[in-house]
Every structure is written in C-alpha cells, then in structure tokens.
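Please keep the sequence and the structure in view while reading.

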Amino acid sequence: MSRSTAAAVAAALLVAVAARAALAQDTYSSRFDGTDLDAILADEGRVDQYVRCFLAEKDDDCDEVGRRVKAVLAEALTTDCAKCTERQKVGLPKTVRFLARERPDAWEQIQGKLDPKRRYAAAHPELSQ
C-alpha cells in the first residue's frame, strides 16, 4: 500500500470515528432507559429523594440515576427533550404529568430552578391538566 493510500485510509477511519462520536452525543446516555419509572413514581420516598436531588445545589441527596438525570434535566426541559432517546421522550412527559398532578409544589420548584421561563410547560400545557 502506498503512503498516499495509507494516508487516505487513515483519514477515512478518523472521519468515521469522529462521525460516530458526534452521533453518540446527539442523544443523552441510554444507560438508565430500562429503569422502571412506574415503580419510582409509585414510591413516595423515592419521589421525595429525586425531588430533593433535583433541587439541591450539590448532589449529596442523589443516587447515580438522580445525578445523571439532574445533569441533563435543565437542558431537556428547555429544549423540549431534543437530545432525549425515544424512551426518555416518553418518560419525561410521564414524570412531568405525575409531578404536576400529584406534587404540584415540587413541580413548581423544579421548574423555577431548572426551567424558569417555563418553556417545557408552555410547549406541553396538556401535561399539567
């Protein structure tokens, strides 16, 4: 293989790796997409834990799932879940609907901190009805 051919192959591989990395960053991690959201929402203590986690300045009240969600939640709310996986696009409105109906004070606090312009709520008024 000539030097120019080897260089072309190496360049093509680098482009392919870079393209794959860029695609991987187009969505949030799917690592916890298999989490049983219904079980969490049915457990008052876990809901309280996650509300505390999302509202706290530090991650002391967060488990691993809470830390990961907290890290992207503001962006997910303000961009209408633009980087969400398909599973997350189902889970976010389900959680918002639950909080708006069952824990409206907590939902107001979360919005106030993470989505103060209420972009997500404005885009989805049906979730709080």
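The chain has 7 helices and 0 strands; both are DSSP runs numbered from the N terminus, helices being H or I of at least four residues and strands E of at least two. Read from the N terminus on, the order of elements is α-α-α-α-α-α-α. This is a predicted model, in which local features need pLDDT of at least 70 and side-chain atom pairs count only at pLDDT 80 or more, while totals for chains, interfaces and linings use all residues. Residues are numbered from 1 along each chain as its sequence is written, and side-chain values use heavy atoms, with hydrogens and water left out.

Of the 129 residues in the chain, 29% count as buried. Buried means under 20% relative accessible area, exposed means over 50%, and partly exposed lies in between, with a 1.4 Å probe and protein chains only. A contact means heavy atoms within 4.5 Å. Among contacts between residues at least 6 apart in sequence, 63% join residues at least 24 apart.

**Disulfides**

How many disulfides does a search of the whole structure find? The search finds 2, a disulfide being a pair of cysteine sulfur atoms within 2.5 Å. With bonded cysteines counted along the chain, the pattern is 1-2, 3-4. The table lists the two bonds.

| Disulfide | S to S distance | Torsion about the S-S bond |
|---|---|---|
| C53 to C62 | 2.0 Å | about 105° |
| C81 to C84 | 1.8 Å | about -90° |

The disulfide of C53 and C62 is right-handed because its torsion is about 105°. For C81 and C84 the torsion is about -90°, so that disulfide is left-handed. Both C53 and C62 are buried, and C81 and C84 are buried too.

**Three residues**

K70 is part of helix α4. Its relative accessibility is 14%, so K70 counts as buried. Leaving aside residues up to four places away in sequence, K70 touches C53, F54, A56, E57, K58, D59 and C62. Two of these, C53 and C62, are joined by a disulfide.

V72 is also found in helix α4. Is V72 buried or partly exposed? V72 counts as partly exposed because its relative accessibility is 25%. Between V72 and L114 there are 42 residues of separation in sequence, and the distance in space is 9.9 Å, C-alpha to C-alpha.

R103 sits in the loop between α5 and α6. R103 has a relative accessible area of 19%, so this residue is buried. The side chains of R103 and D48 are joined by a polar contact of 2.6 Å. A polar contact is a pair of N or O atoms within 3.5 Å; within protein, one must be able to donate a hydrogen and the other to accept it, and residues adjacent in sequence count only if both atoms are side-chain atoms. Not counting residues up to four places away in sequence, R103 touches E44, V47, D48 and F98.

**Pocket and cavity**

Both kinds of space are found on a 1 Å grid over the protein atoms alone: a cavity is a set of points where a 1.4 Å probe fits but cannot get out, and a pocket is an open set with protein on both sides within 12 Å along at least five of seven lines. Lining residues have an atom within 4 Å of a point. Grid points are joined across faces, edges and corners, and a volume is the space filled by probe spheres set on the points.

The largest pocket holds about 870 Å³ of space. It is lined by 35 residues, of which L37, V69, Q88, G91 and T95 are the closest to its centre. At least two lining residues come from each of α2 (37–42), α3 (44–55), α4 (64–78), α5 (86–102) and α6 (104–114). The largest share, 9 residues, belongs to α5. By class, this lining has 22 nonpolar, 6 polar and 7 charged residues. Here Ala, Val, Leu, Ile, Met, Phe, Trp, Tyr, Cys and Pro count as nonpolar, Asp, Glu, Lys and Arg as charged, and the others, Gly among them, as polar.

The structure has 1 cavity of 30 Å³ or more. The largest cavity contains about 40 Å³ of space. V96, A100, W107, Y120, A121, H124, L127 and S128 line the largest cavity. Helices α5 and α7 (119–123) each give at least two residues to this lining, which divides into 6 nonpolar, 2 polar and no charged residues.
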